[in-house]
Amino acid sequence: MFESKQNIITNVYPAWKYLLLVVITVIGLTYAMPNLFGDDPAVQVSPAKSVEFTAETQSKVANTLQAAGLPVKSSVFEAGHFLIRFENTEDQLKAKSVLKDLLGRQAVVALNLAPATPHFLRNLGASPMYLGLDLRGGVHFLMDVDMETAVSKAYARYVDEIKGTLREEKVRYLTVDVEGEAKNKALAVKFKDLPTMQAGLAVLNASYSDRFKFKTVEETASPQVLLSLSPKTIAETQKYALQQNINTLRNRVNELGVAEPVIQQQGDRRIVVELPGVQDTARAKEILGATATLEFRLVEEKGDPYRAEKTGYAPNGSIIYHFRDGKPILLKRHTIVSGENVVNASSGIDSQQGSSMVNVTLDGAGGRKMLATTKENVGNRMAVVFIENRVETIEENGVKVKNRITNKDVINAAVIRGQFADRFQITGLDSPQEAQDLALLLRAGALAAPMEIVEERTVGPSLGQDNINQGFMSVIVGFVLVLILMAWRYKMFGMVANVALTLNLIIIIAVLSMLQATLTLPGIAGIVLTVGMAVDANVLIFERIREEMRTSPIQSAIHAGYEKAFVTIADANITTLLAAIVLFSFGTGPIKGFAITLSIGIITSMFTAILGTRAVINLMYGNKRIQKLSI
Amino acid sequence: MSNEMHTTNINFMGQRHIALALSIVLIIASFAGLWLKGLNFGIDFTGGTLIELSYPQPVDLPKLRTDLSEAGFGSAIAQHFGSAEDVLIRIAPREGLNSAQLSNQVMDSLKAVSEDDITLRRVEFVGPQVGDELTEDGALAVLYALFGVLIYVALRFEWRFSVGSVTALIHDVILTVGVFAWTGMQFDLTVLAAILAVIGYSLNDTIVVFDRVRENFRVMRDGSPVQVTNIAVNQMLSRTIMTSLTTLLVLLALFFLGGEVIHGFAAALIVGVVVGTYSSTYVASAVALMLGVSKEDLMSAPKEEKDSEAAELELQRLFHEHEARLEAKAATKGKRLDDEDAEGIPR
């Protein structure tokens with residue numbers, strides 16, 4: 001049995017395996033290559049909300065840059081924004097301020113580092129790895145949305161509504177209050193006696209059983225019904241609050257002019273904000289921490305807003321406001337209702353016209369004011385103003401001055417079609433998207449749950465560069481040391497393993513680039529560790545071959561070495577992979593990076609260390625009569 | 001043949017009682033370190049603010065500390081970080097203080113009293129609540145990893161091996177944490193990641209030895225479990241040394257060149273690799289032996305569920321293979337056979 005097997009073993013690989021290896025090597029090299037080319041300083045210009053760039057904008061931008069004497073390396077218009085590359089950072093910074101002056105609030109002008117990948121590689125979809133915040137510098141915030149407040153606000157919102165419903169049904173109540181703390185929170189509706197309470201319960205049950213759970217307290221002097229929000233409603237409220245805050249953050253981050261911001265939900269109450277390249281964290285925090293509110297005002301139809309803007313003087317009793325796209329409008333000084341009166345806003349479809357609309361609900365006080373105003377102003381326009389307040393610290397002659405900055409934007413102006421009170425619709429919106437945005441803004445200005453920064457990680461640019469340098473230095477030194485050790489210990493076979501190890505490193509980088517994974521410092525550590533551990537497979541194989549050589553002829557020793565070591569290698573790698581998966585599933589940002597590189601490294605090393613080295617060894621020794629192996 | 005080709009014959013398992021005593025002493029020492037000194041937790045776990053600043057010239061720490069306490073940050077801890085020009089300032093979380101703004105205040109007050117051009121290198125702020133969550137998640141992750149290993153090894157090998165490997169892993173984790181307690185090195189999130197990587201590495205090592213023990217049990221006709229294990233450890237010795245060496249080389253590169261931020265991570269892995277290499281021999285195998293692992297356990301617990309007929313065939317095949325190998329050995333190298341006898345491989 002053994003003898004016959006020995007005759008068959010010639011250690012020749014079929015051609016397709018070589019082809020596979022060559023193909024993978026070429027693909028690996030191609031996709032790893034973009035990482036060699038570095039970055040161009042660039043300015044990214046993206047349109048502000050509801051603004052679209054035209055050919056005119058494009059020529060305007062080009063002309064302005066030419067007039068300023070700033071040589072442009074290349075300018076691309078894609079996916080709705082411009083990416084203009086410059087030769088050096090000096091031009092880049094100048095261009096940013098020039099373009100900011102030109103476009104004003106119509107656009108977000110941000111500094112960016114654009115990968116200088118050559119065209120032929122970009123056409124293949126190859127791009128370099130994305131560097132994490134710890135390598136390129138920037139800010140990472142974790143915001144926590146105060147869900148308790150979100151829920152309390154939801155309760156407070158129903159107080160007026162329940163009072164109204166009971167009044168409509170002519171059931172007399174004593175008081176409606178929010179009682180209890182946290183989980184025991186409930187709306188207590190008190191009645192003067194039991195029969196009234198029963199009647200009240202029936203009314204409440206009919207209108208609110210979808211949102212509330214009911215409990216009655218009958219023993220007290222004034223019997224009461226306790227309404228607590230159903231878990232489903234609470235979950236919805238929290239989801240709303242989170243979504244709303246994410247939306248608010250998006251708008252504010254746009255203002256910061258960050259090229260590739262990340263704003264993501266994490267868990268069910270957290271939001272991650274990553275701002276690469278932002279160094280002034282103080283300002284970032286101020287902008288993110290702004291508070292918003294709303295105002296409803298009548299439009300002053302008599303004056304000409306454009307003339308008022310030119311002269312700077314608004315007609316008596318009115319103020320100049322601007323839409324988000326910069327168009328001026330005159331509004332009356334008197335505020336009808338403000339954000340605190342808004343109970344809810346949701347988008348929907350107008351059943352009569354089929355267009356998109358927003359349903360707005362006001363509280364009792366707001367409803368009364370609205371009724372008084374709309375009664376006399378049917379046919380006139382009413383505008384919604386979105387106001388953002390924040391504190392900005394500015395350094396003037398070495399002294400820090402805190403400035404209150406208020407942004408006022410008109411987000412909508414619509415004709416009042418008839419008199420209304422606490423419930424009305426804003427119709428005639430262009431798209432469901434616009435309706436959704438408006439509803440979100442209305443809610444953001446009215447009932448956003450407060451949020452708080454619970455984690456901050458800022459990496460300065462100098463540290464980022466140091467991290468890159470030190471990271472790569474340690475990879476190279478560690479790698480070379482391993483190469484030397486392997487060549488010394490296993491001679492020719494060690495050299496073959498070194499080729500495989502190099503290929504492994506290239507494939508890891510290629511895979512990371514293809515996945516557009518974020519490379520962090522722990523990620524680099526993962527690569528370094530993989531380099532150290534990847535040789536384990538080859539060590540196992542070569543030690544086994546040496547062992548087998550004592551009992552079998554050379555060809556079968558090579559064969560047996562690979563075969564027998566394989567089980568061990570597979571076992572060992574699967575267990576390491578197991579640990580990597582645990583790391584990934586529990587870890588946050590940087591640890592995830594480590595787990596990803598480690599996992600990729602384990603898989604690719606199996607390929608290069610087993611298939612790769614075997615192919616080369618077979619090529620060298622296969623089907624030949626050999627007396628001695630250089631191992 | 002060259003000297004390298006000899007399998008070493010060190011009686012590892014014979015010294016397992018000494019090793020056991022050593023391990024117990026080390027574990028007690030680790031717990032003592034945890035008890036007496038405790039871990040120097042980073043702000044990832046405690047919450048608080050960390051600010052890394054870079055000055056153009058060496059920093060006078062006592063003066064910096066006075067400046068800080070005059071500015072109202074009396075509880076702040078300031079120390080050099082990597083070089084004399086860099087300082088790390090840690091501020092514990094305080095009730096009622098808007099910690100997110102703290103870094104700006106510290107920066108401002110230091111800039112106010114210093115002529116130098118201070119650069120902000122890094123700010124980390126972790127809320128106390130997030131810190132608690134991370135501690136909990138971290139402990140859970142280690143538990144999940146150990147549990148996963150327990151199941152995987154039990155399925156792939158046998159429960160005694162499984163207990164042995166998990167004991168070894170717990171041993172490694174305790175010792176690594178113990179080193180951190182005694183040295184007072186900071187224990188942060190990256191160190192936790194390193195400990196999980198140590199679990200992966202040490203396990204890798206253990207599995208490789210176990211794999212050989214299993215193979216030897218199948219191939220060798222007699223020999224006590226202690227002898228069989230001893231041979232396996234000896235057979236894998238050069239591999240164990242090589243792999244540990246390559247891994248240690250790159251880790252040393254990381255430790256010395258990777259920068260201050262990655263220091264703790266590299267240190268934890270270096271300790272872990274050394275301890276893990278030791279434990280896969282002396283703890284994992286020794287515990288499996290102590291639990292009475294035997295030839296029969298492994299013969300009847302092959303990788304997949306096989307009916308007895310298939311197992312019988314497998315046994316026969318292995319037997320033939322072994323027989324053939326012995327024949328080949330006798331035919332080609334008569335001299336080597338004697339060598340092997342001297343090395344005490346039972347046949």
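The model is predicted, so local features are reported only at pLDDT of at least 70 and side-chain atom pairs count only at pLDDT 80 or more, while totals for chains, interfaces and linings use all residues. Residues are numbered from 1 along each chain as its sequence is written, and chains are lettered from A and ligands numbered from 1 in the order in which they are written. Helices (H or I, at least four residues) and strands (E, at least two) are DSSP runs, numbered from the N terminus.

**Contact between the chains**

- In chain A, 61 residues are in contact with 62 residues of chain B, where contact requires the C-beta atoms of two residues, placed from the backbone, to lie within 7 Å.
- The elements that give two or more residues to this side of chain A include α10 (281-288), β21 (451-459), α14 (461-515) and α15, and α15(A) gives the most, with 15 residues.
- By class, the side of chain A that touches chain B has 33 nonpolar, 16 polar and twelve charged residues; Ala, Val, Leu, Ile, Met, Phe, Trp, Tyr, Cys and Pro count as nonpolar, Asp, Glu, Lys and Arg as charged, and the others, Gly among them, as polar.

- Eight strands form an open antiparallel sheet in the order β11(A)-β12(A)-β6(A)-β21(A)-β5(B)-β2(B)-β4(B)-β3(B), two strands being paired if DSSP finds at least two bridges between them.
- At the edges stand β11 of chain A and β3 (77-81) of chain B, each with a single partner strand, so one side of each has no neighbour in the sheet.
- From one strand to the next the twist averages 20 degrees, with axes taken as lines fitted to C-alpha atoms (for helices over the stretch in contact) and angles running from 0 to 180 degrees between N-to-C directions.
- α14(A) packs on this sheet, touching β21 of chain A together with β2 (48-54) and β5 of chain B, and its direction makes about 90 degrees with that of β5(B).

**Strand β12 of chain A and its partners**

- Five of the seven residues of β12(A) (residues 270-276) are buried, so this strand is largely enclosed by the rest of the structure; a residue is buried if 20 or more other C-beta atoms, placed from the backbone, lie within 10 Å of its own, exposed if 12 or fewer, and partly exposed in between.
- Seven bridges join β12(A) to the antiparallel strand β6 (residues 138-145) of chain A, with His140(A) opposite Glu274(A) and Met143(A) opposite Ile271(A).
- β11(A) and β12(A) form a hairpin with three residues between them, and Gly267(A) in the turn has a positive phi of about 70 degrees.

**Helices**

- α15(A) (residues 521-549) has 29 residues and reaches 43 Å from its first C-alpha to its last, close to the 42 Å expected at 1.5 Å a residue, the expected span being 1.5 Å times one less than the number of residues.
- 29 of the 29 residues of α15(A) are buried, so the helix is largely enclosed by the rest of the structure.
- In chain B, 18 of the 25 residues of α6(B) are buried, so this helix too is largely enclosed by the rest of the structure, and Gly184(B), which follows α6(B), has a positive phi near 75 degrees.
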